[in-house]
Structures are given as structure tokens and as C-alpha cells.
Amino acid sequence: MKLLEDRIRKDGNIKAGNVLKVDSFLNHQIDIKLLNEMGKELKRVFSDVEVTKILTIEASGIAIAAIAAQYFEVPVVFAKKSVSINIDGSVYSTKIESFTHKRIYDVIVSKKYLSAEDKILVVDDFLANGCAVDGLIDLIEESGAQLQGVGIAIEKGFQEGGKRLRGRGVRVESLAIIDAMNDETGEIVFRQ
Ligand code: 5GP
């Protein structure tokens with residue numbers, strides 16, 4: 001998506017350790033006009049599949065998921081990073097290793113909000129090694145819902161997540177795929 005690629009080039013900040021900071025429009029301050037176009041594009045790309053809910057993970061996936069959900073006209077459920085244990089069996093749970101924080105979170109979704117009748121589109125802001133998406137897919141599988149696809153704002157194509165998920169037969173569509181980025185020169189190469 002050219003609009004997003006141009007914005008990444010203009011305002012993205014490449015940090016050491018393969019981290020792209022996009023705090024000025026996606027991860028801290030949010031450019032609603034841009035996200036609106038991104039949400040519209042996700043709907044266009046996934047217009048051929050039935051979706052009853054969008055699933056994301058807090059915190060940074062919520063904004064893009066919520067805006068996309070307006071076009072799909074479905075609710076958004078966000079998985080919560082939790083410290084409480086699933087004592088009464090009322091939640092689906094899994095563990096996710098955070099790429100940016102390098103720690104493992106317990107992640108939960110209430111059984112009230114995901115069921116075997118649901119057809120789920122997973123949406124997230126970034127795809128790197130794919131741990132976040134793997135965890136969300138675990139929750140979907142636990143619930144018996146059907147995974148319809150994964151919509152990502154920015155995929156770092158030089159990390160393994162996208163390749164691995166597609167290799168497993170998961171439909172992954174990313175609005176921008178970065179094939180290379182250099183924190184010293186600032187150069188970014190997008191996949192055509
Ligand atoms: P993964 O689980 O695919 O390794 O990483 C995806 C998650 O880590 C996303 O939910 C996102 O919040 C965060 N993330 C991964 N790479 C980056 C990055 O380069 N920049 C930012 N801002 N977040 C990232």
C-alpha cells in the first residue's frame with residue numbers, strides 16, 4: 001500500500017535490533033486518516049471471506065483492528081496480557097513471547113467472546129517472528145472458531161513469521177512488507 005510505504009519512509013525510525021519505530025502515526029500518536037485508509041484496504045483485500053469477528057492483541061493492534069472493523073461491520077476482540085490464572089475455566093489462554101519487550105506473557109480471551117461459530121480475521125500492527133499471531137491462532141483453535149486470514153499493517157519480511165505462517169497454509173496479507181532495512185543508512189526496501 002503506497003500511502004503506508006510513503007509514510008514509513010517519511011516518519012519511520014529504524015532502531016538497532018531490527019525494530020522499526022512508527023510512534024508518530026501508529027504506535028503512540030495515531031493518524032486516524034491513514035489508519036482509516038488502511039482499514040478500508042484490509043476490507044478490500046479480504047472482501048472474499050466471511051468474517052464475524054476481528055481478533056487482535058493489546059495494546060498496539062487495537063487501533064488498526066478497530067478501524068478495520070468498521071468496514072467489516074463486526075466486533076473487535078482483543079486478547080489481554082494477563083497475570084491472573086484461569087482458575088474457573090472461563091477463558092482461553094496461551095503464552096506469547098513479545099518481540100519488542102523480550103518477555104513471555106500469558107494471554108487470555110474470555111470464552112464469552114470467541115466461539116466455534118466465529119469466523120475470525122486476525123489483525124495486528126506488525127508481523128516479525130510471528131509469535132503474536134501464533135498465540136492468537138492458538139486461542140482461535142482452542143475456541144473451535146475458524147481462522148479466515150491474518151491482516152497485518154507492517155510485515156518485516158526478513159524475519160521468519162510471514163514465511164512460516166504462509167508455509168502452514170495461513171492466508172497472510174500485509175499492507176506493507178519490508179524486505180530490508182538498515183539502521184545506519186536509514187534505507188528501507190519494500191517488497192513489490
Ligand atoms: P512477532 O510476535 O511477530 O515477533 O512480533 C509482533 C509483535 O511485536 C507486534 O504485535 C508488535 O507489537 C511488535 N513488533 C514486532 N516488531 C516490531 C517493530 O519493528 N516495531 C514495532 N513498533 N513493533 C514491533
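1. Seventeen is the size of the ligand shell: of the 17 residues around the ligand, Leu 20, Asn 129, Gly 130, Ala 132 and Lys 156 come nearest. Near means a heavy atom within 4 Å. The model is predicted: local features need pLDDT of at least 70, side-chain atom pairs pLDDT 80 or more, while totals for chains, interfaces and linings use all residues. Numbering runs from 1 along each chain as its sequence is written, and side-chain values use heavy atoms, without hydrogens or water.

2. A ligand nitrogen is 2.7 Å from a polar backbone atom of Leu 20. A ligand oxygen is 2.7 Å from a polar backbone atom of Gly 130. For Cys 131, a backbone N or O atom lies 3.1 Å from a ligand oxygen.

3. The protein covers 92% of the 500 Å² of accessible area that the ligand has on its own (Shrake-Rupley, 1.4 Å probe).

4. Shell make-up. Strand E2 (19–21), strand E7 (119–127) and helix H5 (131–143) each give two or more residues. E7 gives the most, four. Strands are DSSP runs of at least two residues, helices of at least four. By class, the shell has eight nonpolar, six polar and three charged residues; Gly counts as polar.

5. The ligand takes the space of the largest pocket, whose volume is about 670 Å³. A pocket is an open set of points on a 1 Å grid over the protein atoms alone, with protein on both sides within 12 Å along at least five of seven lines; lining residues have an atom within 4 Å of a point. The lining has 30 residues, with Ser 60, Ser 98, Thr 100, Asp 125 and Phe 126 nearest the centre.

Technical notes
A polar contact is a pair of N or O atoms within 3.5 Å; within protein, one must be able to donate a hydrogen and the other to accept it, and residues adjacent in sequence count only if both atoms are side-chain atoms. On a 1 Å grid over the protein atoms alone, a cavity is a set of points where a 1.4 Å probe fits but cannot get out, and a pocket is an open set with protein on both sides within 12 Å along at least five of seven lines; lining residues have an atom within 4 Å of a point. A molecule sits in a cavity or pocket if more than half of its atoms lie within 2 Å of its grid points. Grid points are joined across faces, edges and corners, and a volume is the space filled by probe spheres set on the points.
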